[in-house]
Amino acid sequence: MHLGPENLIKNLLGLWTGDFKGLNEGTGEYVLPQATVTAIGDECVLAGNTTPSAFGARVPNLATQRYYYTAESYTLFTTLLAPILLRGRFRKDKYYNHFLDLVDIFNDCMAMSLDREYVDTELRMRSVEWVQLYERYYYQYDPSRLSTCPLTIHALLHIPDDILNAGPMCCYWNYITERWVGFLVRSSKSRKNPYASFARRIREIAQNSAIKVRFQLHNELNLSESCAEDRSGVAVAGYPNIRLLKPHLRQSPTLQLRKSLQDYIQRTFRVDGTDIKQYVPDIISHWGKISFRLGGGDKVDGTDLVRYSEQNGSRDATFVKYSRQVDRNARSHRRDVAWYSKVEYGQLLRVVQFKCPLPLIWENNQVTQESKTLLLAVIRSVKLDKSRSTADIPYFKDGPSGAGPIHIINVDEISCLVARVPDHGAGPRRWALAERHDAMGAVDNENE
C-alpha cells in the first residue's frame with residue numbers, strides 16, 4: 001500500500017509537475033504544463049461529486065491540495081481517476097502507457113486471488129520491464145539524476161516474492177489497520193485522559209465481538225450505520241440479501257412505464273400476449289434506494305426519487321453496470337430468437353415492486369412458473385461513445401445525445417455501482433465510467 005501509492009505515485013506526480021528534488025526533465029518530455037495540472041486538479045474535485053461514497057473518500061485537488069493526500073487518496077487517484085484524467089495529457093504517449101502498465105501491476109497485486117505461476121512468471125517479468133523503462137524515461141542513465149531511483153523503485157521488483165511467500169497483498173496490507181486506528185481515535189473526546197477512553201472502547205468492542213460469536217448475533221449486533229439502515233429496509237421474498245429503502249411511494253405507473261413493464265413480462269415469462277395488461281396492477285410500489293450490502297454489494301439510489309445535488313455536497317450513486325437479455329437476431333425477423341447476455345451501463349431511475357399474477361405452469365411434475373412478486377429496476381441506459389471508449393474504459397456524452405432507451409431488468413442483473421469521471425477535450429462534455437477494484441470493495445466490507 002505504502003510502497004505503491006505513497007511512494008511510487010507520489011514521486012511520479014513530482015516528476016510530472018516538475019517538482020521533484022530540483023530536477024528538470026533532462027532529455028525527456030514528461031513535465032506537464034501548469035495549466036494542465038490545474039485542469040487535472042479541478043477534474044479531481046468534480047469527480048468527487050460523481051463518485052459514490054462507497055468507492056472511498058473524495059480525492060483532493062491535485063494542484064493545490066496534494067498535502068491532504070493519504071494512501072487511500074493516492075490509490076483512488078491511481079486506479080480510478082488517473083487512467084482517465086491523464087489520457088492525452090503528455091506530449092508523448094509513452095509516458096502515459098508506461099503509467100498504465102503500473103496501474104495494471106497495482107490492480108493485479110490487489111486481486112483477491114492470484115495464480116502462483118502467473119505471479120512467478122508474468123507479473124515478475126512485467127515488474128522488471130516497468131522498472132527498466134522507468135530508468136530509461138526518468139533516470140536517463142545520468143549519474144546526476146540518480147535521485148530519481150529511490151529504494152522504492154527497486155522494491156517493486158520484490159513484490160512477486162512477497163505475494164508468493166505471504167499470499168495476496170490484500171491479506172496483510174494496512175488499510176484495515178489504519179481505518180481501525182482512525183475509528184479508535186475518534187472514540188475519545190477527552191484531551192486529559194485519552195488512553196482511558198481508548199481502553200474503554202477496545203473493551204466494549206471486544207465484549208460485543210464475544211457476544212456475536214457466542215450467540216451467533218453477527219447481524220443483530222452490527223453497529224455500523226449502513227447495517228442499521230439495511231435492517232430498517234424491506235425484504236422481498238425471492239430476493240435474499242436485498243433490502244428496499246425509503247423513499248417509498250405507492251402510485252400508478254405512467255403509461256410509458258406500464259408499457260415497458262408489460263413488454264418485460266411478455267419477453268421474460270410465458271404469458272398470453274392478448275391480455276398482457278392484467279399482469280401489471282393499477283397501483284405498484286416505487287422505491288428510491290436498493291441495498292445489496294448484506295450480500296457484499298452496494299447501495300444504489302434511484303434518481304427519480306433521490307435528488308443528487310452538487311451544492312449540498314451529495315455524491316451521485318445512481319449509475320450502474322448491468323446485464324440484460326438481448327435477441328441476437330432482433331433485426332432479422334426470419335431467424336429464430338437467439339438470446340444472449342449483453343453488458344450495458346445506465347442510470348437507475350427507480351425500483352418497482354408488485355405482485356404479478358403469472359399463470360401456473362407444471363412441467364415434469366414441477367412448478368416452473370407461478371404468481372410471484374417482481375422486483376424490477378428501471379434504468380435509463382447510456383449510449384457509449386465508440387470513438388472515445390477503450391476496451392477497459394467506456395465513455396458516453398453528456399446530455400440527450402448520450403441518453404439511451406429505458407430498460408427494465410430484474411434487480412439481480414445489476415452488477416455494480418460505477419463512478420463517472422469527467423473527460424477533457426473539445427466538444428460536448430464526456431464522462432468515463434469507472435469500476436471499483438474488487439479488493440478496495442473488500443476493505444469497506446471488512447471495515448464495517
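The model is predicted: local features need pLDDT of at least 70, side-chain atom pairs count only at pLDDT 80 or more, and totals for chains, interfaces and linings use all residues. Residues are numbered from 1 along each chain as its sequence is written, and side-chain values use heavy atoms, with hydrogens and water left out. An open sheet of three strands is ordered S10-S14-S13. The structure also holds three cavities of 30 Å³ or more.

**The three-stranded sheet**

- Pairing in the S10-S14-S13 sheet is antiparallel; two strands pair if DSSP finds at least two bridges between them.
- Strands (E, at least two residues) and helices (H or I, at least four) are DSSP runs, numbered from the N terminus.
- Strand S10 (395–397) and strand S13 (419–422) are the edge strands, and each pairs on one side only.
- Neighbouring strands of this sheet are turned by 35° against each other on average, direction ignored.
- Axes here are lines fitted to C-alpha atoms, for helices over the stretch in contact, and angles run from 0 to 180 degrees between N-to-C directions.
- Three bridges link S10 and strand S14 (residues 430–434) in the antiparallel sense. Tyr395 has Ala432 in S14 as its bridge partner.

**Helices on the sheet**

- Helix H3 (residues 71–85) packs on the sheet and touches S10, S13 and S14. Contact means heavy atoms within 4.5 Å.
- The direction of H3 makes about 35° with that of S13.
- Helix H2 (residues 34–49) lies across S13 and S14 and runs at about 155° to S13.

**Other strand pairs**

- Strand S5 (residues 319–327) is mostly covered, with seven of its nine residues buried. Buried means under 20% relative accessible area, exposed over 50%, and partly exposed in between (1.4 Å probe, protein chains only).
- S5 runs antiparallel to strand S6 (residues 339–356), joined by nine bridges. Tyr322 stands opposite Glu344 in S6.
- S5 also runs antiparallel to strand S12 (residues 414–417), through three bridges. There, Lys321 stands opposite Cys416.
- Strand S1 (residues 234–236) and strand S2 (residues 239–251) pair in the antiparallel sense over two bridges. Val236 is partnered with Tyr239 in S2.
- S1 and S2 form a hairpin with two residues between them, and Gly238 in the turn has a positive phi of about 90°.
- S2 pairs in the antiparallel sense with strand S3 (residues 284–291) over seven bridges. Leu249 has His286 in S3 as its bridge partner.

**Pocket and cavity**

- On a 1 Å grid over the protein atoms alone, a cavity is a set of points where a 1.4 Å probe fits but cannot get out; a pocket is an open set with protein on both sides within 12 Å along at least five of seven lines; lining residues have an atom within 4 Å of a point.
- Grid points are joined across faces, edges and corners, and a volume is the space filled by probe spheres set on the points.
- The second largest pocket holds about 630 Å³ of space. Its lining has 24 residues; Thr79, Pro83, Asn107, Asp392 and Ile393 are the closest to its centre.
- H3, helix H4 (93–109) and S14 each give two or more residues to this pocket's lining. H4 gives the largest share, six residues.
- The largest cavity has a volume of about 70 Å³. Among its 13 lining residues, Thr51, Ala57, Val59, Leu80 and Arg315 lie nearest its centre.
- H2 and H3 are the elements that give two or more residues to the lining of the largest cavity.
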